[in-house]
Amino acid sequence: MKARYIYGALIAATMMFSSCSDFFDQDSDHVIFTDDYHLNQSSDTIYSLVGIMQKMQALGDRTILLGEVRGDLVDVTTAANADLRQLSEFNISDDNRYNSPKDYYAVINNCNLYISRADTAIRNSANKSLFLREYAAAKAYRAWTYLQLVINYGRVPYYTEPITTKEQSEIKYEEKDIVDMCNTLIADITPLAEVEIPQLGTIGVTDSRLLYFPIYILLGDLNLWAGNYKDAATAYYKYITTANGGSSYFPTKATQSNWVNSEWSMYSSSYHGCFSNESFNDQRELITMIAGDSIPSDGNYSQLRNIFNSNSDNDYKPSLVPSDGLKNLSRSQLYCFVQNNGKDTLYAPTNLSDGRAGDLRLPMSWSSGSVVNGITGERLTYQQISKYPSSVRNIHIYRRTYVYLRLAEALNRAGYPHFAYEILSEGVNNSVIERDVLPYYTTAADSAFIKSFNFPHSSNSGYLVEDVTNPNQMYNTIGIHSRGSGKSQCNKYYLMPENAELTGQALLDWQIEKVEDMIVDEGALEFAFEGQRYYDLMRVALRRNDTNYLANRIYARHGADNAADTRATIKRDLTDKTNWFMTFNGQLGLR
């Protein structure tokens, strides 16, 4: 009975501020716990963590939609609901379904409750802490949730004690902005970075190991937002080298969409597996997801498949379609084909039909056309986004390529644009670092930092079979750009930016911005429809203190020539960064 009580309590405990009451749920049950109540049974673990996971479900769809609809890669259709249209227009009302701070604070308060009540001093028969892994997981959930809150609202209340009484709910808590929040969370979770994730087996049909947020990735993200770039790079690297255990290997692999001949008539793709395979194994692409319910009548059934795809549930009318900006970016890439053992380098034509000109990731992720209803004779248009297949009900948050692209972003801003470029172009291993990175950074400090990145078992010469049981096996890795644009290290149009008119620090600063632009474009090509775009633009714009960096790209959703018309449909001036963030009832957010 105790375990069942804990589960119910964790679900029911929610924040109730009097001073900020409008962004918390005033109608939910309020549970008060005695001061001496603790989590101290092994059975408590399952009920308590599943309770937090259940609260996380409410954040799933909005995590993707808030990051995608406000960006420049999708357009809303006439079938889109008013809430999606508000997101697209930056005209978000307090009753918009995606503007619900109480859902974030429900997760946070449940985490606070678990963290405060878990007795990590209790040891099992192997003399290991009974609750440490779960304690670390709860702190990771809390850190991720606070990060989502602050990058969406700009400044938010921060508290770490569970609110279980009316008196506690009436306290006015300290507010933190993005940088302050990130640095606070970094200090909170850093001591737990090497704690293993819990092993709860399968929950329903889902491997529970995919439902956690790795602390090293969180530390990378938090440091990236806070501007601690070397620390961010180190954190991402540590995840890569420990993802499958100590001294493990987690290379980018050779997953890609590619032309198989120079007639441009046949292509193949291993790219689709990134989005439908939810297995947990050493070669996994998926790292973290939020579980969705399995049937529409459940409370947290993900609507992403219906928002992005045509089906009978939405009368074959999707709500979101690729923007002209995304199509133009994809089309502008030059696919590099190498044949005859590298002797011949060819480039795909720019006039190929069906969106196949340029980078192949968009046509591999998006298809459209029309069908005729066999009964009525009506012609129906359709769209399919392969990133949201009907067979997948869960919301994907982190995947392998995300970590590598963020590593490139961090290394570039840490002052190593050549290192970042190699992650995009060729993929990194020790040979590449020795040949193409170290010669550009000759100080003792730079050399020592670069040499701290060790990829001894990665190769980029061919397609190698992976065998994790063989410690001497070379693992194939390719540059991220090669996932859709061919052999990028041979592409004379995809080179490290150079400027003969600049030297020294001026050249380095110029290269950092140019490589950062390449990274942002790569993020669009690789993660279109996955909810990353708006935050990528925001992070770079804040870093550069350039509001036009974000504004101009969003205004160009319908193409550069139509930017003025697009700007007229957006209800807020995006050159004012205050308008980048949501508010709630005048009490939450930048105001």
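The model is predicted, so local features need pLDDT of at least 70 and side-chain atom pairs count only at pLDDT 80 or more, while totals for chains, interfaces and linings use all residues. Residues are numbered from 1 along each chain as its sequence is written, and side-chain values use heavy atoms, with hydrogens and water left out.

**Confidence**
- The protein chain averages a pLDDT of 87 (the predictor's confidence in each residue, from 0 to 100), and 87% of the residues score at least 70.
- Residues 1-37 have pLDDT below 50, with 100 contacts beyond near neighbours in sequence (contact means heavy atoms within 4.5 Å).
- Residues 462-472 also stay under 50, and the model has 24 contacts for them beyond four places in sequence.
- Where pLDDT is low, the predicted coordinates should not be read in detail.

**Salt bridges**
- The structure holds 31 salt bridges (a side-chain nitrogen of Lys or Arg within 4 Å of a carboxyl oxygen of Asp or Glu).
- Arg361 and Glu522 meet in a salt bridge at 2.6 Å, N to O; Arg361 is in helix H14 and Glu522 in helix H20, 161 residues apart (helices, H or I, have at least four residues and strands, E, at least two; both are DSSP runs numbered from the N terminus).
- Both Arg361 and Glu522 are buried (under 20% relative accessible area, with exposed over 50% and partly exposed in between, using a 1.4 Å probe and protein chains only).
- Arg361 and Glu522 also belong to a salt-bridge network whose members include Asp359, Lys387 and Arg483.
- Arg413 pairs with Glu516, their closest N and O atoms being 2.8 Å apart; Arg413 lies in helix H15 and Glu516 in helix H20, so the pair ties together parts 103 residues apart in sequence.
- Arg413 is partly exposed at 21% relative accessible area, whereas Glu516 is buried at 1%.

**A buried charge without a salt bridge**
- Glu89, in helix H4, is buried yet has no salt bridge, and the nearest side chain of opposite charge, Arg85, is 4.6 Å away (Lys and Arg count as positive, Asp and Glu as negative; His and the chain ends are not counted).
- Beyond residues up to four places away in sequence, Glu89 touches Thr569, Ile570, Lys571 and Arg572.

**Enclosed elements**
- Twelve of the twelve residues of helix H9 (residues 215-226) are buried, and Gly227, with a positive phi near 90 degrees, follows H9.
- Strand E14 has five of its five residues buried, so it is largely enclosed by the rest of the structure.
- Strands E8 and E14 run antiparallel, joined by four bridges (strands pair if DSSP finds at least two bridges between them), and Met289 stands opposite His396 in E14.
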